[in-house]
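Student: Hi! Could you walk me through a few strands and a helix in this one?

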Amino acid sequence: MAIGSGLGAQLGIAAEVTYGSYVAPTKFVEFTKAGLQLKKTTAQSAGIAAGRLLPLGSRRVVTQRQASGGLGLEVTTKHMGLLLQTLMGTTVTPVQQGATSAYLQTHTLADTAGKSLSVQVGMPLTTGTVVRKNFLGCKITSGEFACGVGEMLVSTFEFDSKNVEETSALAAASYPAMSVFHFGQMGLRVGAYGAEVAADGIRKVSVKVERPQATERFYAGADGLKAEPITNDQIKITGTIEMDYVSAAFDDLHTSDAGTSLVWEFVGSNIESTFDETFRIVLPEVHFDDAPPTVDGPDVIKPTLTFTAVYDGTNQPRIEYMSSDVTL
């Protein structure tokens with residue numbers, strides 16, 4: 001029996017072969033919040049019959065089913081690959097580094113057609129019995145990463161899901177030994193692509209990837225379930241940088257609106273040889289939108305700048321993830 005509260009909850013994920021067809025979890029992630037929920041559309045007959053004062057229960061029908069919601073978790077040194085692949089779109093095979101136990105995943109921005117997950121959430125009743133909810137056809141519509149002074153690197157993923165079922169068996173959760181990325185491992189570099197240099201005074205960084213998709217593809221003959229969402233607008237990558245005003249470099253970039261490459265990275269413990277646990281976001285060209293620094297009093301000036309990533313014409317944004325995971 002599990003603990004009869006959220007402490008007994010579990011969440012497992014697996015890549016789907018066919019959109020919306022359940023695949024038993026292959027990876028279990030430690031999470032802080034799971035907000036996926038079924039959304040149903042109902043219709044009620046309004047037919048009038050002599051003496052009937054209430055709508056007839058047998059004439060209430062479910063016309064559509066879908067699900068959506070968010071998942072919050074700390075970014076760990078293992079088991080992040082499937083989520084990153086589903087967010088970024090490229091089919092990734094971890095590449096062994098030398099003859100070591102370190103494997104590099106390079107998640108380059110691409111279309112997410114064919115990239116969906118089955119997500120199983122185990123929800124304990126107060127009795128300790130775990131109710132399983134299997135969310136099918138989970139497409140990631142946005143992913144956000146953030147870390148500030150004294151914090152862990154955290155992430156939030158928003159999902160659109162085709163359906164929910166509760167018949168497939170609850171999988172036995174298992175978790176490898178792993179750690180988390182945190183502020184003490186964080187660095188930010190900017191400059192010419194491939195030759196970025198470390199920025200000073202950085203207090204907090206966030207990056208958000210938004211994947212617009214047509215999520216209302218409901219057609220006749222599909223039992224009220226949607227077809228796989230497809231990309232229907234350009235991807236939006238934005239972020240913020242909170243800093244002390246130790247240099248005018250970012251201010252100058254805002255003023256000139258010049259582009260710069262931005263690398264936000266976390267380098268953790270050594271895996272083997274010269275290869276360390278790593279989480280890195282590479283944005284080959286960003287532009288600073290606002291806001292230039294202002295003086296709000298006697299304290300150190302602390303500007304918060306926002307930026308937008310664009311395509312530099314050659315290099316796509318990517319997330320690099322170095323771990324000991326042999327597979328996603």
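Tutor: Happy to; we'll go through some strand pairings, then a helix. This is a predicted model, where local features need pLDDT of at least 70, side-chain atom pairs count only at pLDDT 80 or more, and totals for chains, interfaces and linings use all residues. Residues are numbered from 1 along each chain as its sequence is written, and side-chain values use heavy atoms, with hydrogens and water left out.

Student: Which residue is the bridge partner of V95?

Tutor: L104 in β7. On the β21 side, R318 stands opposite T108.

Student: What about the hairpin of β6 and β7, where is the positive phi?

Tutor: At G98, near 60 degrees; that hairpin has 6 residues between the strands.

Student: Switching topic: how many residues of α1 are buried?

Tutor: 8 of the 8 in helix α1 (residues 81-88), with buried meaning under 20% relative accessible area, exposed over 50% and partly exposed in between (1.4 Å probe, protein chains only). Among them are L82, L83 and M88.

Student: And what comes just after α1?

Tutor: G89, with a positive phi of about 110 degrees.

Key. Pairing = 2+ DSSP bridges. Helix = DSSP H or I, 4+ residues; strand = E, 2+ residues; numbered from the N terminus.
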